[in-house]
Amino acid sequence: MQSSNPVLNRLGQAARQGRSQVQPPSFGGPTGYGYPQSGYATPQPPAATRAMSIDDVVVRTVALLAVTGIFGAGAWALLPDTGAVTGIALFGSLIAGLVLGLVISFMQVTNPAVIIPYAALQGVLLGLVSRWYEHAFNGIVIQAVIGTFGIFAIMAVLYKLQILRATPRFTKMVIGALVGVVVLSLANFIFYLFGLNLGLRDYGTEGKVGWLPIVFSLVIIVVAALTFVLDFDAVEQGVRGGLPEKYAWYCAFGILVGLIFLYWEILRMLSYLRR
């Protein structure tokens, strides 16, 4: 199975290896037609692995979103606004979530025992930071949530109607744009730590915001939205290619990462506009 999505190509290789391990063995016999020789026990083929379906990905995505929401609501309601416990929870979830996300991505982890804790850590981080934004800009969190799922639904419709397709050229453009905005954001933050600012980001909560951070944030939102086309294509090709059911967790993880990335940027954009 070949795909314009590099992640799916790696998944396809792993899936072929997994399927090769569950193929029933050929039973040798005196006539060569699969009958066991007399006096020998009949070998039992291992249980076949069920192929992944669209419903599997949907159910697991909803489950991960539920875990993220529950832990986010818990962190928002139970942890104090300030203090050592909140600080540990904030930076601990940030670092642990980043490390766990990289491990899942590069090792193509399909174990829910690893992916579900990632969703929980992201929920804690989302809950604490979202509460901070809500205190600064009343009502901004629900607006960001509606905007995130609204854009996701629009991209799903555009993909379903085949208005947007993950062609090789489209994939290269989206991945290139994604790498570009991430590198620029990181560079801007590094300069900011040393007392400089490239002007692409505004890290405060007061005062008016110039046009450059707003435009840059809008570009990131567009890029984040377009990455869902690659996710939908990966899932669709995975189903057609017969990926084992366990890969539904990995696909759900990819969609969750995209939704969180989009939510953060919409939240930032709304804070700019409210200022």
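Author: Happy to. Leucine 262 lies in helix H8 (helices, H or I of at least four residues, and strands, E of at least two, are DSSP runs numbered from the N terminus). Before going further, please keep in mind that this is a predicted model, in which local features need pLDDT of at least 70, side-chain atom pairs count only at pLDDT 80 or more, and totals for chains, interfaces and linings use all residues. Residues are numbered from 1 along each chain as its sequence is written, and side-chain values use heavy atoms, with hydrogens and water left out.

With a relative accessible area of 0%, leucine 262 is buried (buried means under 20% relative accessible area, exposed over 50% and partly exposed in between, with a 1.4 Å probe and protein chains only). Setting aside neighbours within four places in sequence, leucine 262 is in contact with Thr148, Ile151, Ile221, Ala224 and Phe228 (contact means heavy atoms within 4.5 Å). The C-alpha atoms of leucine 262 and alanine 225 are separated by 7.1 Å, although these residues are 37 apart along the chain.

Now to the pairing of H7 and H8. Their axes come within 9 Å and cross at roughly 165° (axes are lines fitted to C-alpha atoms, for helices over the stretch in contact, and angles run from 0 to 180 degrees between N-to-C directions). That makes H7 roughly antiparallel to H8 (angles under 35 degrees count as roughly parallel, over 145 as roughly antiparallel, 65 to 115 as roughly perpendicular and the rest as oblique). Residues making this contact include Ile221, Ala224 and Phe228 of H7, and Gly258, Leu262 and Ile266 of H8.

What about the nonpolar core? The largest one has 49 residues, and Met52, Val57, Leu64, Ile104, Ile140, Met155 and Val229 are those with the most contacts inside it (a nonpolar core is a set of buried Ala, Val, Leu, Ile, Met, Phe, Trp, Tyr and Cys residues joined through side-chain atoms within 4.5 Å). At least two residues of this core come from each of H2, H3, H4, H5, H6, H7 and H8. H8 gives the most, with 17 residues. Apart from this core lies another, of 5 residues, among them Ala75, Leu79, Ala89 and Leu128.

Methionine 155 is worth a look too: beyond its neighbours within four places in sequence, methionine 155 is in contact with Leu164, Ala225, Leu226, Phe228, Val229 and Phe232.

H2, residues 54-78, has 25 residues and reaches 36 Å from its first C-alpha to its last, close to the 36 Å expected at 1.5 Å a residue (the expected span is 1.5 Å times one less than the number of residues). Its buried residues include Val57, Leu64 and Ala75, and the buried residues of H2 pack against H4, H7 and H8. H6 has 26 residues and reaches 38 Å, close to the 38 Å expected. Phe170, Val174 and Val181 are among the buried residues of H6, and the buried residues of H6 pack against H7. Glycine 195, whose phi is positive, near 85°, follows H6.

Stepping back, the protein chain has 8 helices and 0 strands. Of its 275 residues, 39% count as buried. Among contacts between residues at least 6 apart in sequence, 78% join residues at least 24 apart.
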